[in-house]
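Colleague: I'm new to reading protein models. Could you walk me through this one, feature by feature?

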Amino acid sequence: MKLRDIVGINLKYYRYKSGLSQEKFYLGLELNPKYLAKVERGKANISFDYLEDLAKKLNVHINDLILYNEKHVIDKKRIDEKQKVNN
């Protein structure tokens, strides 16, 4: 698994746990929401500066966004399934 996949999984996990949609979470950030959606899917890279900003907004340490966590991988699959059912 690539680092950008891990970052995407963790970013989506913590954003979802915060109860925020992509639109609400990314509001006010300098980055394009479509680009950030790609980051969450592991399809785009993000700089450490922006990653640090996202970690602060989520109230987590940047390590929480870059370290592999099997629980987050499993939970992301559940989150994705819930979103498919709701759409």
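Modeller: Arg15 has a relative accessible area of 4%, so Arg15 is buried. Keep in mind that this is a predicted model, where local features need pLDDT of at least 70, side-chain atom pairs count only at pLDDT 80 or more, and totals for chains, interfaces and linings use all residues. Residues are numbered from 1 along each chain as its sequence is written, and side-chain values use heavy atoms, with hydrogens and water left out.

Colleague: Where does Arg15 lie?

Modeller: Helices here are DSSP runs of H or I with at least four residues (strands are runs of E with at least two), numbered from the N terminus. Arg15 lies in helix 1.

Colleague: And which residues does Arg15 touch?

Modeller: Contact means heavy atoms within 4.5 Å. Leaving out residues up to four places away in sequence, Arg15 touches Leu20, Ser21, Gln22, Phe25, Tyr26, Glu40, Leu58 and Gln83.

Colleague: Which backbone oxygen does the side chain of Arg15 reach?

Modeller: That is a polar contact: a pair of N or O atoms within 3.5 Å, where, within protein, one must be able to donate a hydrogen and the other to accept it, and residues adjacent in sequence count only if both atoms are side-chain atoms. The side chain of Arg15 reaches the backbone oxygen of Leu20 at 2.8 Å.

Colleague: How many salt bridges are there?

Modeller: A salt bridge needs a side-chain nitrogen of Lys or Arg within 4 Å of a carboxyl oxygen of Asp or Glu. That rule gives a count of one salt bridge. The partners are Glu40 and Arg15, whose closest N and O atoms are 2.6 Å apart. Since Glu40 lies in helix 3 and Arg15 in helix 1, the pair ties together parts that are 25 residues apart in sequence. Glu40, with a relative accessible area of 3%, is buried too.

Colleague: What about Lys12: buried or exposed?

Modeller: Lys12 is buried, with a relative accessible area of 10%. This residue is found in helix 1. Apart from neighbours within four places in sequence, Lys12 is in contact with Glu40, Lys76, Ile79, Asp80 and Gln83.

Colleague: Let's look at helix 3. Which of its residues are buried?

Modeller: In helix 3, they are Leu36, Ala37, Val39 and Glu40. To see how they are arranged, take the arc of the directions from the helix axis to the C-beta atoms. Down the axis of helix 3, the buried residues fall within an arc of 155 degrees, so they line one face of the helix. They pack against helix 1, helix 2, helix 4 and helix 6. Just after helix 3, Gly42 has a positive phi of about 75 degrees.

Colleague: Which residues of helix 4 are buried?

Modeller: Leu51, Leu54, Ala55 and Leu58 are the ones in helix 4. Their arc, seen down the axis of helix 4, is 100 degrees, so they line one face of the helix. Asp49 and Lys56 are exposed on the other side of helix 4. Just after helix 4, Asn59 takes a positive phi of about 60 degrees.

Colleague: How many residues does the largest nonpolar core have?

Modeller: A nonpolar core is a set of buried Ala, Val, Leu, Ile, Met, Phe, Trp, Tyr and Cys residues joined through side-chain atoms within 4.5 Å. The largest one has 17 residues, and those with the most contacts inside it are Leu11, Ile46, Leu54, Leu58 and Leu65. Helix 1, helix 2, helix 3 and helix 4 (48-58) are the elements that give two or more residues to this core.

Colleague: Last one: how far apart are the end C-alpha atoms of helix 6?

Modeller: The expected span of a helix is 1.5 Å times one less than its number of residues. For the 17 residues of helix 6 (residues 70-86) that should be 24 Å, and the end C-alpha atoms are 25 Å apart, which agrees. On helix 6, His72, Val73, Asp75, Lys76, Ile79 and Asp80 are buried. They cover an arc of only 165 degrees around the axis, which puts them on the same side of helix 6. Lys77, Arg78, Lys84 and Val85 are exposed on the other side of helix 6.

Technical notes. Buried means under 20% relative accessible area, exposed over 50%, partly exposed in between (1.4 Å probe, protein chains only).
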